[in-house]
Amino acid sequence: MSARLRRGLTPLLLSLAVSAALLSGCDRSQAPAAMAPVAEADAPAKPVMGDFGFDAAGMDRTQVPGDDFFAYANGTWAKNTEIPADRSTWNSFGTLSDRTQADIRAIIDEAAANKSASGDTRKIGDYYTALMDEAGIEAKGIAPIQPELDAIAAIKDKAELSRALGGTLRTDVDILNTADGYTDRLFGLWVTQHLDRPSEVAPYLIQGGLGLPDRDFYLGDGRMAEMRKAYQAHIAKVLTLAGIADADAKASKILALETAIAHTHANAEDSNDVKKGANYWSPETFASKAPGLDWAAYFDAAGLSTQKEFIVWQPGAVSGIAKLVGSQDLDTWKAYLAFHALDRASGTLPKAFVDENFAFYGTTLTGTPKQRDRWKRSVDATNGALGEAIGKVYVERHFTPATKARADEMVRNLITAFGRRIDAIEWMTPETKAAAKAKLGTLQIGMGYPAHWRDYSGLEVRANDAYGNAQRAGLANYREQIAKLGKPMDRSEWYMLPQTVNALNIPLENRLIFPAAILQAPFFDGAADDAVNYGAMGAVIGHEITHSFDSSGALFDANGRFINWWKPEDLKKFEAAGDALAAQFDAYEPFPGAHVNGRLTLAENIADVAGLATAYDAYRLSQEGKEAKTIDGFTPDQRFFLGWAQAWRGKQREQALRNSLLTNGHAPPQYRSETVRNQDAWYGAFDVKPGQKRYLTPEQRVKVW
């Protein structure tokens with residue numbers, strides 16, 4: 001579910017990527033839609049839940065379900081809920097992440113207070129202590145980053161520039177699992193299973209180099225032109241704070257360079273197209289197809305000089321950016337590197353850098369008026385650097401065997417229901433059905449936490465070195481990732497922390513991950529009845545199962561190999577259903593002239609439609625032999641669909657929502673709630689009739705899987 005910022009449920013919180021930008025008050029790579037956890041003191045009042053596990057008081061029963069189901073299910077909540085001042089977005093994930101961050105903070109506070117601690121506990125405490133030492137950071141000024149700035153200033157030619165650029169490469173993207181393709185570094189690296197050879201590990205090279213969230217911010221008119229003007233002022237301010245001369249002139253040149261980079265970038269839709277990303281380049285191919293960058297120097301500095309093959313996801317961008325390295329002025333590139341080094345590290349630099357970073361990426365870009373408290377930012381950054389060490393304690397304290405057992409039972413029911421749905425498809429040939437059933441039969445489930453925990457023994461953490469800790473953590477993660485190259489593929493690795501409020505489909509491995517933190521109310525509530533749980537968490541599970549069969553997942557077989565296992569006539573019908581769903585979402589218009597992009601959000605919308613249908617079937621399966629009970633006036637089917645709609649309640653500031661329409665692979669939450677209009681059972685449950693706004697004829701209702 002997961003720009004396609006994320007392939008998981010939502011582009012939310014607690015990334016494995018280590019970035020000091022987390023401490024600056026906003027994660028600029030996710031500026032359009034990011035939402036980190038908040039403290040209870042800043043959150044809106046928690047809803048009063050009914051006896052059956054959803055917020056009846058949050059409904060607006062004056063609304064007609066068939067006209068606007070989101071408003072019917074969430075209207076009073078939306079009217080009475082204010083987005084917290086330190087957020088651009090607020091939704092059900094925020095409510096749950098609020099609770100989760102409080103749990104994480106308790107673990108970190110205990111570690112920081114334990115002066116006799118050793119091992120990972122000591123590292124957790126020292127990392128957080130360094131970030132919270134604002135006086136110490138102020139006293140050091142920019143001294144911690146000065147050696148990096150001096151090294152950039154000393155670059156004498158394009159060969160040294162290529163080496164410097166290679167030294168910045170990090171494994172900070174994940175183009176398929178989390179659909180996180182953003183990096184402000186020239187390129188990003190993703191290390192995972194090979195597209196064609198499932199037993200091998202491959203490096204994927206991804207376009208990067210932009211400080212703004214997407215190419216459209218550089219190429220668009222109107223509002224985007226204003227954003228570019230503000231971004232140029234931000235660049236100049238950061239350079240000025242660092243004492244770098246001619247800041248205004250350099251800012252103009254940096255923006256011009258990034259605009260040239262943006263012209264080379266693939267757009268979001270093309271970047272989501274696996275078929276366009278399957279490009280296999282040898283080191284020699286880089287020299288012939290992407291001249292301008294000294295690739296030998298670049299890969300040597302990146303520790304990749306012995307790598308024989310790369311998967312180049314956006315070859316046009318790689319060639320175009322390499323050409324710019326060769327053609328653009330050396331001093332402009334040096335200014336570009338200096339700015340991004342400072343901007344990236346702002347959270348570990350003096351307060352003036354932190355405040356400037358938030359003023360642009362938080363307030364200007366997403367409309368967020370208040371910067372998050374320092375402790376919140378420090379908790380997130382510590383969690384990013386030492387997440388599995390924290391996660392191990394989190395699981396011990398907050399994830400019970402009973403929760404796991406109930407979730408495992410739900411997954412079994414969902415898989416059974418999905419299999420029956422495959423059997424029931426009338427238009428699919430037996431050959432394609434057999435391949436789909438084989439893929440479903442080998443689907444692996446990770447529930448709660450990984451089987452093996454990451455080893456942080458090699459990471460040096462100092463209680464008085466916030467900048468150095470962040471740099472060492474990022475480099476350690478990078479080295480750990482590239483060390484997998486040349487070794488057999490390990491399919492037990494987790495790509496989300498247990499304390500992450502999200503879920504994940506891993507198409508290359510035919511595997512799902514459900515972290516412990518999402519198995520809480522409002523998604524999964526031990527006190528709720530089955531109808532609500534299946535409508536919320538069941539649909540989440542169904543959504544992730546469907547990702548193995550959505551417009552991207554359907555391109556991979558049972559072993560995760562990129563191969564066409566469809567009969568041509570079946571694929572044509574599947575794609576026709578996708579076209580109809582894309583058109584349905586294209587019609588949604590949050591602002592005059594600003595529509596949801598049905599093609600960009602297609603994979604997520606397919607997963608919602610089929611996931612919700614599968615969850616409904618699984619719910620009915622779980623109730624066999626049980627009496628159907630009406631509770632507080634709501635039938636089981638009504639509670640099921642209300643559970644779905646309330647799981648997707650949410651609000652966004654205008655700037656954040658507009659950004660999301662350009663970059664986010666998920667439709668806005670109010671339209672995800674309306675997925676119910678494709679479910680036959682919804683019509684009977686709420687007496688939806690022709691003439692109502694969300695009514696679709698049976699022939700118009702999209703059925704996928």
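A nonpolar core is taken here as a set of buried Ala, Val, Leu, Ile, Met, Phe, Trp, Tyr and Cys residues joined through side-chain atoms within 4.5 Å. In this predicted model, the largest such core has 112 residues. Phe69, Met537, Phe640, Phe641, Leu642, Phe686 and Trp705 have the most contacts inside that core.

Leaving aside residues up to four places away in sequence, Trp705 touches Phe418, Arg421, Ile422, Ile425, Met428, Ala436, Thr546, Phe549, Trp565, Trp566, Phe574 and Ala610.

Helices α23 (residues 568–586) and α24 (residues 602–622) pack with their axes 10 Å apart and at an angle of about 100 degrees. Because angles of 65 to 115 degrees count as roughly perpendicular, α23 is described as roughly perpendicular to α24. On the α23 side, the contact is made by Phe574, Gly578, Leu581, Ala582 and Phe585, and on the α24 side by Leu602, Asn605, Ile606 and Val609. Of the residues in this contact, seven are nonpolar and two polar, with no charged residue.

Turning to the strands, an open sheet of four is formed in the order β2-β3-β5-β4, with mixed pairing. The edges are held by β2 (187–193) and β4 (280–281); each has a single partner strand, so one side of each is left without a neighbour in the sheet. Strands β3 (residues 201–207) and β5 (residues 310–312) pair in the parallel sense over two bridges, and Tyr204 stands opposite Ile311 in β5.

Conventions. Residues numbered from 1 in each chain as written. Predicted model: local features only at pLDDT ≥ 70, side-chain atom pairs only at ≥ 80, totals over all residues. Heavy atoms only, no water. Buried < 20%, exposed > 50% of the residue type's maximum accessible area, 1.4 Å probe, protein only. Contact = heavy atoms within 4.5 Å. Pairing = 2+ DSSP bridges. Axes fitted to C-alpha atoms, helices over the stretch in contact; angles between N-to-C directions. Parallel < 35°, antiparallel > 145°, perpendicular 65-115°, else oblique. Nonpolar A, V, L, I, M, F, W, Y, C, P; charged D, E, K, R; others polar.
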